[in-house]
Amino acid sequence: MIVTVISVVFILAGLVFFIGGAVGLIRFPDFYTRTHAAGKGDTLSSLLVILGFSIYQLHDFESFSHDWLTLLVILKLLGISAFILITSPTSTHALMDAGWEDGTKPKIHPDRPNHLNDDCEKF
Amino acid sequence: MIFAFDIIILVFLVVAALISLSVKDLLSASMIYGIYGFLICLLWAEMGAVDVAFTEASVGAGVSTVLLIATVFNTRRRSSD
Amino acid sequence: MLSKVFATIAVAITGSILLYGVSDFPAFGDPHSPANAGVPGSESVSLYFIEESYKDTKVPNLVTSVLADYRGYDTMFETVVIFAAGMAIFAILRVVGNKEEEVSREPVENSFTNGDHSRIIVGTTVRIVVPVIQLFALYVVAHGHHSPGGGFQGGVILGASFIIIALAENLNAALRRLSEQNYVRLAVVGIFIYALFGVMAQVLGRNFLDYGVLAPLLFTDGPEMARSHSMLGVEVGVAFTVTAIMFAIYANLSSRGQLEKGL
């Protein structure tokens, strides 16, 4: 029972971050902030949801010798989450880098200091 | 299988198919075709055909999108009709 | 514009006929439909597969046993179709001759991680992830009897790992690991392995691809385990061909048949 409650809390937290990523994808002004919202929100929420799933697998756990198949499922889920933890930020980074090389400029408020033209040559 | 979930995926599937047919930018069309492949994979996995869903996830949503984008990169990006 | 109108009318007519046909279908998963229960007087073939395939082949995954054993002839020529697609890509795209200079495929020292900062991040991730992907692909091929998977899926994942290397650095880095000569050889060897199992069954006096007779060759007791092991061998052949052809299609498409640079 307590295991189910903990896993539901994790999955709901993941869904909240998913909603945050989706709202950010629509509401943010330019390419970089949108990719930022989608990438970070997706990574964290996928990790939380998969963690919730793997905790839920323990709900009828009795002993290690009896339920080792459950542990195998949890190990596979943790493997998936490690894969997401590595690949999802990298793909976000590759997307942003491709946008930068394509010449997409971030939107900067006119009152703010703007160093875009200084840094263009350095990177 | 959950009937309401099937219907929701099916609606998204039809919308993705129509958009990928009607959009002029071929790069966007191939990306949306990848989304279509992923949605039909989800639908098959949800209906219990896990083998077919696995094939679609690796072929349709993975490799064929890369092949389409490689083709678009080496040809024109705008559709002619 | 006029052609679009005609196309829309044709699609609408065909679609309405198909939708009219759908209304006569049995319900989803209905156990009493003719496809599942058979018509009176003749048993359904799917019922036979569901009840008898584990006794015949000792393979728990019903899809694999139907795909690679009962329907093996069809799967063999599916593999040949993929091979023919790769050969068509060669015939259309590959540019042979009139090379200015021979491209050097010498390994550059630590070529993934030198260069600008983006190359470092993506290259390091690819170095970590590609062995895991290839191990998973081999698992999918070898474990296709017991879980979803098989030759096609595993081969596509294995080919995709080479495509990831080509995307992260350039095409030459992937061609150093799987050169053009080697992937053509790999594609041919895959079909040859598949056909070899069929011909061996013929040599031992049964039909083409009737694996049960291969029991003395595979050192198994009884024809059931021979069928199981032959399915594994056949799927390895399919995986070879699909890996080679997927990477060949990407390499030729992305470099316009030059096999240099790529995307």
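**View 1. Helix α10(C) is mostly covered, with 26 of its 32 residues buried.** The model is predicted. At 1.5 Å a residue, the 32 residues of α10(C) should span 46 Å, and because its end C-alpha atoms are 46 Å apart, expectation and model agree. Just after the helix, C:Arg256 takes a positive phi of about 55 degrees.

**View 2. The largest nonpolar core has 55 residues.** The residues with the most contacts inside this core are C:Ile163, C:Ala166, C:Met246, C:Phe247 and C:Tyr250. From chain C, helices α4 (62-70), α5 (72-93), α6 (117-142), α7, α8 (171-177), α9 (180-203) and α10 each supply at least two residues of the core, as does α3 (50-74) of chain B. The greatest contribution comes from α10(C), which gives 16 residues.

**View 3. C:Met246 touches residues of chains B and C.** Leaving aside residues up to four places away in sequence, the contacts of C:Met246 are B:Val63, C:Val156, C:Gly159 and C:Ala160. C:Met246 is also listed with C:Phe247 and C:Tyr250 among the residues with the most contacts inside the largest nonpolar core.

**View 4. The contact between chains B and C takes 17 residues from chain C and 14 residues from chain B.** On the chain C side, α7 (151-168) and α10 (223-254) each supply at least two residues. The largest share of that side, 7 residues, comes from α7(C). By class, the side of chain C that touches chain B has 12 nonpolar, 4 polar and 1 charged residues. Of the 2 pairs of chains that touch, B and C have the most contacts between them.

**View 5. The contact between chains A and C takes 6 residues from each chain.** The side of chain C that touches chain A divides into 4 nonpolar, 2 polar and no charged residues. No contact joins chain A and chain B. The closest C-alpha atoms of chains A and B lie 14 Å apart.

**View 6. Chain C has 10 helices and 0 strands.** From the N terminus on, its elements run α-α-α-α-α-α-α-α-α-α. The C-alpha trace spans about 70 × 65 × 35 Å along its principal axes. The radius of gyration of chain C is 24 Å, whereas a compact globule of 263 residues would have one near 18 Å. Of the 263 residues of chain C, 33% count as buried. Among contacts in chain C between residues at least 6 apart in sequence, 64% join residues at least 24 apart.

**View 7. Prediction confidence in chain C is highest in helix α1 and lowest in helix α2.** Helix α1 (residues 2-22) of chain C has a mean pLDDT of 91, and helix α2 (residues 34-37) has a mean of 75. Over the whole of chain C the average pLDDT is 84, and 90% of the residues score at least 70. Where pLDDT is low, the predicted coordinates should not be read in detail. For the complex, the predictor gives an ipTM of 0.86 and a pTM of 0.84.

Conventions:
Residues are numbered from 1 along each chain as its sequence is written. Chains are lettered from A and ligands numbered from 1 in the order in which they are written. This is a predicted model: local features need pLDDT of at least 70, side-chain atom pairs count only at pLDDT 80 or more; totals for chains, interfaces and linings use all residues. Two residues are in contact if their C-beta atoms, placed from the backbone, lie within 7 Å. Helices (H or I, at least four residues) and strands (E, at least two) are DSSP runs, numbered from the N terminus. Ala, Val, Leu, Ile, Met, Phe, Trp, Tyr, Cys and Pro count as nonpolar, Asp, Glu, Lys and Arg as charged, and the others, Gly among them, as polar. pLDDT is the predictor's confidence in each residue, from 0 to 100. The radius of gyration is taken over C-alpha atoms; the globule rule is 2.2 Å times the number of residues to the power 0.38. A residue is buried if 20 or more other C-beta atoms lie within 10 Å of its own, exposed if 12 or fewer, and partly exposed in between; C-beta atoms are placed from the backbone. The expected span of a helix is 1.5 Å times one less than its number of residues. A nonpolar core is a set of buried Ala, Val, Leu, Ile, Met, Phe, Trp, Tyr and Cys residues joined through C-beta atoms within 7 Å.
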